[in-house]
Amino acid sequence: MIRVAIILGSTRPGRNGEAVAKWVHQHAQQRTDAQFELVDIQDFNLPLLDEPVPPSMGQYSKPHTKAWADKIASFDAYVFVTPEYNHGTSGALKNALDFLYAEWNNKAAGFVSYGSAGGARAVEQLRLVMAELQIATVRSQVMFSLFTDFENMSQFKPADYHQKSLSTMLDQLIAWGGALKNVRQG
Ligand SMILES: Cc1cc2nc3c(=O)[nH]c(=O)nc-3n(C[C@H](O)[C@H](O)[C@H](O)COP(=O)(O)O)c2cc1C
């Protein structure tokens with residue numbers, strides 16, 4: 001069975017992302033075709049990228065980088081839960097992505113986003129970043145509206161139809177995650 005990380009990409013106090021990531025985790029855990037773990041970027045206390053050598057060289061020097069690398073290396077696929085900040089993803093998530101390289105390569109990813117336009121613009125940007133990290137991104141995604149899936153833009157009350165979107169996205173992610181595991185094993 002492949003291992004899937006649900007990566008909580010927001011670190012803001014009072015973040016909506018926590019409820020969204022917990023919802024994803026709760027529904028994903030009902031499946032029996034993969035193992036799911038919630039990974040909160042905040043727990044790793046990553047500073048702004050402070051590695052002297054580019055991560056693609058694989059010479060990590062800091063304990064926080066090594067801890068983050070060990071965690072990310074342990075998964076076959078990722079669900080990125082991303083807010084939309086100024087039409088992009090969060091600085092925290094971009095920074096966490098930039099910290100590593102090989103650990104991301106030949107893995108699969110899907111997206112769950114939220115914002116006034118469902119976080120769509122953040123995900124479009126992330127897909128370009130994923131290409132450079134050699135992460136294959138699945139087509140289906142889950143997009144929550146700040147206006148209709150949150151009460152007062154802060155209480156997460158998702159419409160039921162999102163469960164179907166999540167299920168479709170995870171079907172695609174688990175298929176590609178398994179296929180790429182074979183690629184990595186040569
Ligand atoms: C710095 C900042 C920039 C934002 N820019 C956008 C934006 O461009 N588009 C959008 O739909 N929402 C934007 N928002 C609203 C966020 O999508 C909303 O606050 C969301 O809850 C943020 O995720 P978080 O609560 O997990 O941090 C912005 C919020 C912040 C804090």
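In which sense do strand 4 and strand 5 pair, and over how many bridges? Strand 4 (residues 107-115) runs parallel to strand 5, and the pairing extends over 8 bridges; two strands are taken to pair if DSSP finds at least two bridges between them. Helices (H or I, at least four residues) and strands (E, at least two) are DSSP runs, numbered from the N terminus. The model is a predicted one, in which local features need pLDDT of at least 70 and side-chain atom pairs count only at pLDDT 80 or more, while totals for chains, interfaces and linings use all residues. Residues are numbered from 1 along each chain as its sequence is written, and side-chain values use heavy atoms, with hydrogens and water left out.

Within this strand pair, Ala109 stands opposite Thr137 of strand 5. From strand 4 the chain passes through helix 4 (residues 120-132) to reach strand 5, giving a right-handed β-α-β crossover; right-handed here means that, with the strands pointing away from the viewer, the path from the first strand over the helix to the second runs clockwise. Strand 5 (residues 135-145) is largely enclosed by the rest of the structure, because 8 of its 11 residues are buried. Buried means under 20% relative accessible area, exposed over 50%, and partly exposed in between (1.4 Å probe, protein chains only).

The interior can be described next. In soluble globular proteins, nonpolar side chains tend to be buried together.

Ala5 lies in strand 1 and is buried at 0% relative accessibility; its C-alpha atom is 18 Å from that of Arg184, a residue 179 positions away along the chain. Arg31, in the loop between helix 1 and strand 2, is also buried, with a relative accessible area of 17%. A polar atom of the Arg31 side chain lies 3.4 Å from the backbone oxygen of Ser167, a polar contact (a pair of N or O atoms within 3.5 Å; within protein, one must be able to donate a hydrogen and the other to accept it, and residues adjacent in sequence count only if both atoms are side-chain atoms).

A polar backbone atom of Asn16 is 2.7 Å from a ligand oxygen. Ligand nitrogen atoms take part as well: one is 2.9 Å from an N or O atom in the Glu84 side chain, and a backbone N or O atom of Asn86 lies 2.8 Å from a ligand nitrogen. The protein covers 75% of the 610 Å² of accessible area that the ligand has on its own, as given by the Shrake-Rupley method with a 1.4 Å probe.

Backbone geometry brings Asn86 up again. Most residues other than glycine have a negative phi. Asn86, in the loop between strand 3 and helix 3 (91-98), has a positive phi near 45° and is exposed at 81% relative accessibility. Met153 also has a positive phi, about 60°; this residue sits in the loop between strand 6 (150-151) and strand 7 (155-156) and is partly exposed at 40% relative accessibility.
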